[in-house]
Amino acid sequence: MLPTPHVSCDYDKVYEPSEDSFLLLDALEKDRAFLTQFLGSQGVNLVCEVGCGSGIVTTFMMQNNIPSKYSIYVPTDVNPWALESTVGTVQRNECGQRFFSPVRTNLVHSIREQEIDLLVFNPPYVPAETVPAVPQDWELDPTKVASEQRPDDWLDLALLGGDDGMVVTWQLLNNLDSFLSAKGVAYILFCARNKPLDVVKHMQEQGWQSELVEHRKAGWEVLSIYRFHR
Ligand SMILES: C[S@@+](CC[C@H](N)C(=O)[O-])C[C@H]1O[C@@H](n2cnc3c(N)ncnc32)[C@H](O)[C@@H]1O
């Protein structure tokens, strides 16, 4: 079993690694050989973890050459504290010489279309009345907005996924074709209330291949991770 990265963040502002984060690590470990074969062990791959939070997942991939030692890691988050934490987590763990450039953006909107080879997303998946709004002027002065934002707002943004807990996930899945490279593959986490079988059926109807990689009961939640590729 591959070691879990050491993480130490301010969990009042950044999502604390939980069962969902650890299930994602297990899925990536399980699929390590598949990914190396699918994406190739020699070429440069662009890896984007959307919503990197503490940075535990990106650090795990960097430490373990997932998908290869030539990968470029560009994690994103809307929460500025998450990006700061991700940099700290990468520094705290032995990641070797890796190209690593975190970006503050909504989903993957600052990344050129059809460039991402490996996309990983543990989204805000808890069903809720609404998805909390992202501060609108965050691009102008992120430090100011971050310090004025109440910590609860950032944690709400990490958890609450609107209708069926799927609003943010659908924003990603509906645009997967323009986000992923031709050989790209995405790993997405769902809870049972997201109705993942319905999601998979819809994606398959759109021409995507979908496979269940991991599945686990975590407290009263049942979590699953599906892999999507063309
Ligand atoms: C459930 S947490 C997962 C954190 C981390 N990846 C993990 O597995 O521990 C969801 C993360 O997504 C981020 N997030 C929420 N909406 C987002 C969006 N539209 N674009 C990018 N990141 C987003 C949150 O700030 C939070 O860090």
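User: Before we start, what is a polar contact?

Analyst: A polar contact is a pair of N or O atoms within 3.5 Å. Please keep in mind that the structure above is a predicted model.

User: Then what does the side chain of Asn106 do with the ligand?

Analyst: An N or O atom in the side chain of Asn106 is 2.7 Å from a nitrogen atom of the ligand.

User: Which part of Leu107 comes into it, backbone or side chain?

Analyst: The backbone does: a polar backbone atom of Leu107 is 2.8 Å from a nitrogen atom of the ligand.

User: How much of the ligand's accessible area does the protein cover?

Analyst: On its own, the ligand has 600 Å² of accessible area, and the protein covers 97% of that.

User: How many residues surround the ligand, and which are the closest?

Analyst: The ligand is surrounded by 18 residues. The closest are Ser21, Glu49, Gly51, Asp77 and Asn106.

User: Which pocket does the ligand take up?

Analyst: The ligand takes up the space of the largest pocket.

User: New topic. Where is Thr89, and is it buried or exposed?

Analyst: Thr89 belongs to helix α4, which covers residues 80-92. Thr89 is buried because its relative accessible area is 0%, and the cut-off for buried is under 20%.

User: What is Thr89 in contact with, beyond its neighbours in sequence?

Analyst: Leaving out neighbours within four places, the contacts of Thr89 are His6, Val7, Cys9, Ser54, Gly55, Ile56 and Thr59.

User: Where does Asn194 sit?

Analyst: Asn194 is in the loop that runs between β7 (180-191) and α9 (196-205).

User: Is Asn194 buried or exposed, then?

Analyst: Asn194 is buried, since its relative accessibility is 2%.

User: Which residues does Asn194 touch?

Analyst: Not counting residues up to four places away in sequence, Asn194 touches Tyr125, Asp164, Gly165, Met166 and Val199. With Asp164 there is also a polar contact: a polar atom of the Asn194 side chain lies 2.8 Å from the backbone oxygen of Asp164.

User: How about Glu115, where is that?

Analyst: Glu115 lies in the loop between β5 (103-104) and β6 (116-121). Its relative accessibility is 31%, so Glu115 counts as partly exposed.

User: Which side chain does Glu115 join in a polar contact?

Analyst: The partner is Arg112, at 3.1 Å from side chain to side chain. Setting aside residues up to four places away in sequence, Glu115 touches Leu46, Phe179, Leu180 and Ser181.

User: How far apart are Glu115 and Gly165 in space?

Analyst: Their C-alpha atoms are 27 Å apart, and 50 residues separate Glu115 from Gly165 in sequence.

User: Last one: what is the setting of Arg230?

Analyst: Arg230 is in the segment after β9 (221-229). Arg230 counts as partly exposed because its relative accessibility is 32%.

User: Which backbone oxygens does the Arg230 side chain reach?

Analyst: The Arg230 side chain reaches the backbone oxygen of Leu180 at 3.3 Å. A polar atom of the Arg230 side chain is also 3.5 Å from the backbone oxygen of Ala182. Beyond four places in sequence, the contacts of Arg230 include Gln114, Asp177, Trp208 and Gln209.

Notes. Residues are numbered from 1 along each chain as its sequence is written. This is a predicted model: local features need pLDDT of at least 70, side-chain atom pairs count only at pLDDT 80 or more; totals for chains, interfaces and linings use all residues. Side-chain values use heavy atoms; hydrogens and water are left out. Helices (H or I, at least four residues) and strands (E, at least two) are DSSP runs, numbered from the N terminus. Buried means under 20% relative accessible area, exposed over 50%, partly exposed in between (1.4 Å probe, protein chains only). Contact means heavy atoms within 4.5 Å. A residue is near a molecule or strand if one of its heavy atoms lies within 4 Å of it. A polar contact is a pair of N or O atoms within 3.5 Å; within protein, one must be able to donate a hydrogen and the other to accept it, and residues adjacent in sequence count only if both atoms are side-chain atoms. Accessible areas come from the Shrake-Rupley method with a 1.4 Å probe; for residues, only the protein chains shown count as cover. On a 1 Å grid over the protein atoms alone, a cavity is a set of points where a 1.4 Å probe fits but cannot get out, and a pocket is an open set with protein on both sides within 12 Å along at least five of seven lines; lining residues have an atom within 4 Å of a point. A molecule sits in a cavity or pocket if more than half of its atoms lie within 2 Å of its grid points.
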